[in-house]
Amino acid sequence: MLALDYGTARIGCAVTDPSGTLVRPIAVIEPAEVGEVARVAGELGAERVVVGLPLNMDGTEGAQARATLAFCEQLGEDLDLPVETYDERLTTRMAQASRRAGAGAAEDSLAAAHLLEAYLVASDEPQREGDNGA
């Protein structure tokens with residue numbers, strides 16, 4: 001899986017190992033272009049792309065969330081892979097804490113790694129009765 005922390009200037013990236021259990025940040029994509037994401041996804045052999053959706057703290061969509069959704073739509077048209085969004089609230093703060101703790105990767109890619117870790121944990125959790133996953 002490839003995770004993206006989309007921004008208009010650059011895109012933070014993280015990837016899982018083949019078993020889907022370990023996550024590592026990789027180089028950012030600059031400039032933030034769909035074609036470059038497609039190239040990276042192909043090189044990595046990604047089977048799915050997860051894009052962080054920057055919702056407001058109250059869960060509503062702002063301008064950046066709408067821009068991210070438009071990017072995802074275009075990415076989905078260009079890739080022959082599933083493209084999903086996942087709530088990325090607080091991943092930037094987590095990435096900043098990782099940098100302060102000595103992580104050497106770019107902050108945007110650390111945010112993508114935290115996003116992917118959260119996505120993997122949520123994917124492994126059994127759904128509660130009546131829970132639609134939203």
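Glu-36 and Arg-39 join their side chains in a salt bridge, N to O at 2.4 Å (a salt bridge is a Lys or Arg side-chain nitrogen within 4 Å of a carboxyl oxygen of Asp or Glu). The two residues sit three apart in helix H1 (residues 34-44), so about one helical turn separates them. Helices here are DSSP runs of H or I with at least four residues, strands are E runs of at least two, and both are numbered from the N terminus.

A note on the basis: this is a predicted model, where local features need pLDDT of at least 70, side-chain atom pairs count only at pLDDT 80 or more, and totals for chains, interfaces and linings use all residues. Residues are numbered from 1 along each chain as its sequence is written, and side-chain values use heavy atoms, leaving out hydrogens and water.

The structure holds four salt bridges, including these:

| Pair | N to O distance |
|---|---|
| Glu-36 and Arg-39 | 2.4 Å |
| Arg-10 and Asp-108 | 2.4 Å |
| Glu-84 and Arg-48 | 2.3 Å |

Glu-84 belongs to strand E5 (residues 83-87) and Arg-48 to the loop between H1 and strand E4 (49-53), so this pair links distant parts of the chain, 36 residues apart. Glu-84 is partly exposed at 26% relative accessible area, and Arg-48 is partly exposed at 27%; buried means under 20%, exposed over 50%, and partly exposed in between, with a 1.4 Å probe and protein chains only.

Stepping back to the fold, the protein chain has four helices and five strands, in the order β-β-β-α-β-α-β-α-α. Of its 134 residues, 37% count as buried.
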